[in-house]
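Hi,

Here is the structure I promised to pass on. Have a look at it first, and then read my notes below.

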Amino acid sequence: MRLTSYSVLALPLLAAGFNACQSNSGGNRQPADLLVYNATVYTVDSAFSTARAFAVKDGKFVGVGTADELRGQFAAKQEVDADGQFIYPGFYDAHCHFYRYGLGLRDADLGGTNSWPEVVGKLSQQRQQYPQAAWLTGRGWDQNDWPGKQFPTKDTLDALFPNTPVFIVRVDGHAALVNQKALDLAGVTARTPISGGTITKDAKGRLTGLLVDNAVDLVSGKIPEPGGAEAEAMLLDAQQRCLAVGLTSMADAGLEKANVDRLDQLQQAGKLKVRLYAMLAPTKENKDFYLKSGPIFKDRLTVNSFKVYADGALGSRGACLVHPYTDKPQETGFLLSTEKEFRELARLLAASKFQMNTHAIGDSANRIILNIYGEALQGQQDRRWRIEHAQVITPADMGKFGQFGIVPSVQPTHATSDMYWAGERLGSERLKTAYAYAELLRQYGQLALGSDFPVENINPLFGFHAAVARQDAKNYPAGGFQMENAISREQALRGMTTWAAHAAFEEKQKGSIRPGMAADFVVLDTDLLKAPNEKLRGAKVQQTWIAGERVFSAK
């Protein structure tokens, strides 16, 4: 019989359809809270072994093996027949934006739009739904999916929403389109200085409304955030969506101290169940507080790193390249800060106990940051400093990941989202060492896999499929995109469990099903190691458990 639902407040497991029984303790058997049996359990231990059952006590795995073996060792309060389903360690998204995803759930969803008029239509619907909202916001548009692939301008937004500030973010989060009302509120004009970004102008020097990278912050900082009960409700809504796809741990990239404090409070109150690895934005407040107080390692919260932006995104041509863009030879992208500033921050963090995790997309940005890492670390091989995304790497720089001990933190769905136009930006030769996950794995020995949601979908199984099949949701292209860069299913599962934990110094606490580890696990209806490629994205999460507590059930 399948696992079935019970309250997230840890009500008794004797719910309808749940095959539970009370076991009498006796002999020398140790007490346990839970025994799950009749499952195919992928433990993701060092041998990648499988088992049929496991026992849980006080939120941790205490035994793994067969039902008969474990019954001989443990007297469990409840026994659960998993009905032959497939169990994996809880999935870990090694790079996402959980906090921003939660607070953005009421934005207009512009993902998948096929034209600028379709975007405008969705914005009009959003305004009708929330007519009292101070700002009209949205996220997810991508001009590469539209006829002509041209960036939009603010003219239509000015005409339709002259008195409402509009702010809509491109899919990669590195560009935004705003209307004149938003520009006026932010005080942005054609003469506003900007470094590490672009305030786009037309041929006559007039603002088009398109802002790239650091220029986005000029306006985004004026948008009021929800607070109090509203923010809590949105974050808990985000949590339920994540639990429904099997996520038990997430690395939230780029948080302010106030964000971390709010998440910590929700966890301490027992409302936020998911485990979070918080990457700090390198603001003065964060550096002043955390470098003095030191890293935080709690049961469900790790604060051990700073998230830095080296460059922008490939889609908006903000990625910093060694040689010009193939489709725009006068541009090479740009760094978001100076090399001197990156070097000073690296030295500061090298003298601390914190990791430095740097967003680097273009091959020039990756080269600069890798070299700065090597200089700052001076041979320290286990600091686990990370390159987030590591999308375009020159062959000459690839070996530096292994040489300097740098963790590649990648998002496989970026490859299958970008494959339609990445060759236009990079050219065929440079594309060969872009999204090169197999080679990055060979260099460092591990890959931390994430999604970068809300840039991509929150479902980690989409990333699993993209990593092994190198195909999109429609199983395109036949045979996969650059299959020499694919990784195996075992490697992909490690990347979204124990390797993701390693990248956060958490591999001794979670990421595998073995005694002493946190009892986080997910129950699927599909064998991810054996199912055909075309079935992987459709695998359904039946239940999600954190610390031995069921926190999601599909029924």
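**Aromatic pairs and what surrounds them**

Phe 453 is buried, with a relative accessible area of 0%. Keep in mind as you read on that this is a predicted model.

So what does Phe 453 pair with? Its ring partner is Tyr 101, in an edge-to-face arrangement with 5.1 Å centre to centre and 75° between the planes. Tyr 101 is buried too, at a relative accessible area of 12%. Tyr 101 belongs to helix H2 (residues 98–103), while Phe 453 is in the loop between strand E22 (448–449) and helix H18 (460–469), so this pair ties together parts that are 352 residues apart in sequence.

A second pair to look up is Phe 306 with Phe 354: the ring centres are 5.3 Å apart and the planes are at 65°, so this one is edge-to-face as well. Phe 306 is in strand E18 (residues 301–309) and Phe 354 in the loop between helix H10 (339–350) and strand E19 (355–360), so the pair ties together parts 48 residues apart in sequence. Both Phe 306 and Phe 354 are buried.

In total, the structure holds 15 aromatic pairs.

Arg 71 lies over the face of Tyr 37, at 4.8 Å from the ring centre. Likewise, Arg 537 has its charged end over the ring of Phe 462, 4.8 Å from the centre.

**The sheet**

There is an open sheet of six strands with mixed pairing, and the order is E3-E2-E7-E23-E24-E25. Which strands are at its edges? Those are strand E3 (50–51) and strand E25 (549–553), each pairing on one side only. Further in, strand E2 (residues 40–42) and strand E7 (residues 86–89) run parallel and are joined by two bridges. If you want to find one of the contacts, Val 41 has Ile 87 in E7 as its bridge partner.

**Cysteines**

How many disulfides are there? A search of the whole structure gives zero. Take Cys 242: the closest cysteine sulfur is in Cys 96, 6.8 Å away, which is too far for a bond. Cys 242 is buried, with a relative accessible area of 0%, and Cys 320 is buried at 9%.

Happy browsing!

Methods
Residues numbered from 1 in each chain as written. Predicted model: local features only at pLDDT ≥ 70, side-chain atom pairs only at ≥ 80, totals over all residues. Heavy atoms only, no water. Phe/Tyr/Trp six-rings, centres within 6.5 Å; stacked < 30°, edge-to-face > 60°. Helix = DSSP H or I, 4+ residues; strand = E, 2+ residues; numbered from the N terminus. Buried < 20%, exposed > 50% of the residue type's maximum accessible area, 1.4 Å probe, protein only. Lys NZ or Arg CZ within 6 Å of the ring centre and 35° of its normal. Pairing = 2+ DSSP bridges. Disulfide = S-S within 2.5 Å.
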